[in-house]
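Biologist: Before we discuss this complex, could you put it on the screen, so that we can go through its confidence, its folds and its contact in turn?

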Amino acid sequence: MSAITPTRRLEPRNRLNPGALLSALQHVYIWVWLVIFILPFLTTVVRSLETPQGGYSIEAYRFAWNAFSPNLWISVKLTVATILINLVIAVPAAFAIIRHPVPGKRFVLSALNVSLYTPGAVMGLSLAITYAYLLKIQGTTGGLIAAYTVGTFPLMLVPVIVALRDLPEVYGEAARTLGASRLRTLLRIELPLLGPGISAGILLTFVIVFNEFLVTLFIAGKSDQPAALVIYGLLGRAGFAPSTAALAAIMQFTSFMVVLLFFKVFGSRYLKGTYLG
Amino acid sequence: MARVRLVDVTKHYGDTVAVDRVSADIEEGEFVTLLGPSGCGKTTTLRMVAGLVDPSDGQILFDDQVVNRVPTHRRQVGLAFQSHALFPHMSVAKNIAFGLTNTRVAKSVVNARVQEMLELIEMPDFADRMPGQLSGGQQQRVALARMLATDPRVLLFDEPLSALDRNLRDTLKYSILELQRRTGKTAIYVTHDQSEAFAISDRIFVMNQGRVEQAGTQLDIYLRPETAFVAKFVGDNNALPGVVTTVTAGDDGQQTVVVDSIGTQLRIEGTSGIGVGDHVVVFVRPENIEVVANDEAVMAAGIVEGLVDQIVFEGPTVRLTVVVNGHPLSVNISGVDRLTLLDTQSRTVRLALNQPAIVKQNGNSVE
C-alpha cells in the first residue's frame, strides 16, 4: 500500500498531561497567595456590610461617610500637602546629589534615608518630643505635615535620584544650545523626562501618608484627626463595628483606586516595554 | 554667521590638562574639523565653544565679542550630538519648534518654519511622529533640522554620525556639508574618523593630547605632515628613522636633503630647517611605494630592494609587507599587473619610494 499512513502521535485525551498538571498547580499556587493577601480586606468588606439583625446592607457606609468624611478630607489634604513639600525638597536635592560633586555623597544619601529604617514608634516619639518642647508645633496640622515630610521624603528622593541618574545630560544640553534658559530647560525638558521617577515618588508618598497611623498617633491633636487615627479610636470605643470596617474599606478602596489610576495614566506613557506596560 | 576665534583656550580638570592652549581662527562660512583620537580634547574644545564647558584660561570670540561669560542659551550656537538627543517626549514637529518657542515668535511663524525645515531634510510627512518611531538616520536629520530652525550663528557637530552605520554615514556627511554650504554658516565638526574629516572640511585641525598638532587643508595634512603624530595618525605610513647626510639649499630658500635610512639614501625635496647630522624620521605612504622592474629607470626619492614577507589581496589593492634591511615596509599596489614583477623564486622585489615627508625626531614622539 503506497498511501501515506500518518503516524499516530496524539495522546489519548483522557490521560493527564504533565504540562497541564504543572500549569494547574501554578495557578493554584498563585490563587492561594492572592487569597491570603486579600483575605483581610475581603473580611473587612464583609463585616462592613453586616447589620445587627443578621442581614447585609450598605447602611454602615452611609453612616461612616456622614460621620467621618471630614476626617477623610483631612487625610487627603495632609497627603497632598506632604507630596508638594516632598517634591519641593526632593527634586532640587536630587539635582544637587546627581549633577554636582557633593563631598561624602554616599554618606549624605544614607543619612537622608535614616527615617526609612527608623521604627515608627521611635520616630513618632522623637518627633513628638521635638515638636512639643522645642518647636511647639505638636498637635497642629503643620506639625503633622512636618512629621510626614520627615518620614517620607526619602520615598520621593530615591525614585527621583534614580530617574535623574538614568536621564542623559545631553537632553538638557541640547535644550540650552537651542536657547532655553536653565529654568525653561528644567520645566520643559528635565521634569517631564523625570516623570516616571516623580510619579513613583508621589504614589509612594500618597500610599504611606494617606494610611499613616503610628506617627500620627504621637503628633496629631485632639481635633482634626486623620481617618487612620479615627479608625484606631473607633476600635477602642466601639470594637469591630460595621461602621469602623466601612471606614477602613473606604480608605483601602481609595488607596487602591489611586494606584490603579497611577498605572492607567503613567503606565501608558512611561512603562511601555517594561513588564508593567 | 560669525567668525570664531579661539585664543590660547585651555581646560584643566584638577591636574589633568584636557585642552592645552588651543588657538584657531575660523573664517565666516568656513567648515573646520577637529580630528584626533579619543581623549585628545576635541570634544572639550567644541563644548567650550558651545558654552557647556567653561575654559580655565584663554578667550573664545564670536566676531569681535568675547563669549566666555555668555551662557549657552544666549550664544546662538547649534549643536548636533552623537546621540541625536531628540527630546523623547516631544513629536518631531515639537522638537524642531522647541528652539523657536524659546523666543517670542508667533505660532504661525513657528509652524511655517517647522514645515520649511521638514522639507529641507526631506521628511515633510513626519511632523507628528515621535523620535522613538524614527530610524537612526531619520533622528539625526531631525536633529539637524532642529539645530538649523533657530538660525544659529555657528554650527557645531560632536561626532554626529558615529552612531550610524557606514552607508548612512557616507550619505549623511554630504547632507551635512550641503546644508552648511547652503546656509553659509561657520561650522566646527568633531570626529575621530579621518575619511569623514577629509571628505567635508575646508580645513582640518589635527589634535593630540589637548594640543593642535597641525592645522591645514586636506593636502597639507596628508602630504606635508609637520609632526610624527600627524604622519602616523592620518592614513597609513611607513616610518623610516634616519640621519641627514647632506643638505642643499635652493634659491627659493627650500632645501633638498639626503637621509641615510634603512641602508639606502633617500632624497627629499622642499624641506626647511633641517641640518646635517639631524636625526629624522622619513614617512612614506604605502600607496606611494611602487614595485618596479630591475632594469626599469625611475625617478624616485629612493630605490630599495627587499624580501616579500606577506601578500594580502584586499580586492582593489594588494598589500605587501616587504622587509628591507630588516625593516618591514607596507606597500599598497593597485591592480595586479605589477605583481608579475615579483620574483617568485627569490621573493625579492625592487621598490621605488615616492613623496616622502620628513619630520625631525624630538624626544619620544617617534619610535
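Biologist: In this predicted model, over which residues of chain A does the pLDDT stay under 50?

Modeller: The stretch concerned is still placed in the model with 7 contacts beyond four places in sequence. Chain A as a whole has a mean pLDDT of 84, with 90% of its residues at 70 or more. The part of chain A where pLDDT stays under 50 is residues 271-277.

Biologist: What is the mean pLDDT of chain B, and which of its elements has the highest mean?

Modeller: For chain B the mean pLDDT is 89, and 96% of its residues reach 70 or more. Over residues 363-367 of chain B, however, the pLDDT is below 50, although this stretch has 8 contacts in the model beyond near neighbours in sequence. Among the elements of chain B, strand β13 (residues 264-271) has the lowest mean pLDDT, 86, whereas the highest, 96, belongs to strand β3 (residues 31-35).

Biologist: What ipTM does the predictor give the complex?

Modeller: The predictor gives two values for the complex, of which the pTM is 0.78. The ipTM is 0.81.

Biologist: How many helices and how many strands are there in chain A?

Modeller: Read from the N terminus on, the elements of chain A run α-α-α-α-α-α-α-α-α-α-α-α. The count for chain A is therefore 12 helices and 0 strands.

Biologist: Is chain A a compact globule or more spread out than one?

Modeller: For 277 residues the globule rule gives 19 Å, and the radius of gyration of chain A, at 26 Å, is well over that value. Taken along the principal axes, the C-alpha atoms of chain A fill a box of roughly 100 × 70 × 30 Å. Buried residues make up 32% of the 277 residues in chain A, while 72% of its contacts with a separation of 6 or more are between residues 24 or more positions apart. Judged by its radius of gyration, chain A is more spread out than a compact globule.

Biologist: Why does L22(A) count as exposed?

Modeller: L22(A) is found in helix α1 (residues 18-49) of chain A, and its C-alpha atom is separated by 48 Å from that of E169(A), 147 residues apart along the chain. L22(A) counts as exposed because its C-beta neighbours inside 10 Å number 10.

Biologist: Which helix gives the most to the side of chain A that touches chain B?

Modeller: The contact takes 15 residues from chain A and 18 residues from chain B. On the side of chain A that touches chain B, at least two residues each come from α7 (170-177) and α8 (182-193). By class, that side of chain A has 9 nonpolar, 3 polar and 3 charged residues. With 6 residues, the helix that gives the most is α7(A).

Biologist: Turning to chain B, which strands stand at the edges of the open sheet of 6 strands?

Modeller: The order in this sheet of chain B is β6-β7-β8-β3-β9-β10, and the pairing is mixed. Each edge strand has a single partner strand, so one side of each is left without a neighbour in the sheet. The twist averages 15° from one strand to the next. The strands at the edges are β6 and β10 (211-216) of chain B.

Biologist: Are the faces of strand β6 of chain B covered or uncovered?

Modeller: In strand β6 (residues 77-80) of chain B, V77(B) and L79(B) lie on one side and G78(B) and A80(B) on the other. These residues are all buried, and both faces are covered.

Biologist: Which residue in β8(B) is the bridge partner of L156(B)?

Modeller: β6(B) pairs in the parallel sense with strand β7 (residues 154-158) of chain B over 4 bridges, and L79(B) stands opposite L156(B) in β7(B). β7(B) is in turn joined by 5 bridges to strand β8 (residues 186-191) of chain B, and these two run parallel. In β8(B), the partner of L156(B) is I188(B).

Biologist: In β19(B), what is the bridge partner of L307(B)?

Modeller: An open sheet of 5 strands in chain B has the order β15-β19-β16-β17-β18, with antiparallel pairing. Strand β16 (residues 302-313) of chain B is joined by 6 bridges to strand β19 (residues 348-353) of chain B. The bridge partner of L307(B) in β19(B) is T348(B).

Definitions and conventions. Residues numbered from 1 in each chain as written. Chains lettered and ligands numbered in written order. Predicted model: local features only at pLDDT ≥ 70, side-chain atom pairs only at ≥ 80, totals over all residues. Buried ≥ 20, exposed ≤ 12 C-beta atoms within 10 Å, placed from the backbone. Contact = placed C-beta atoms within 7 Å. Nonpolar A, V, L, I, M, F, W, Y, C, P; charged D, E, K, R; others polar. Rg over C-alpha atoms; globule rule 2.2 N^0.38 Å. pLDDT = per-residue confidence, 0-100. Pairing = 2+ DSSP bridges. Axes fitted to C-alpha atoms, helices over the stretch in contact; angles between N-to-C directions.
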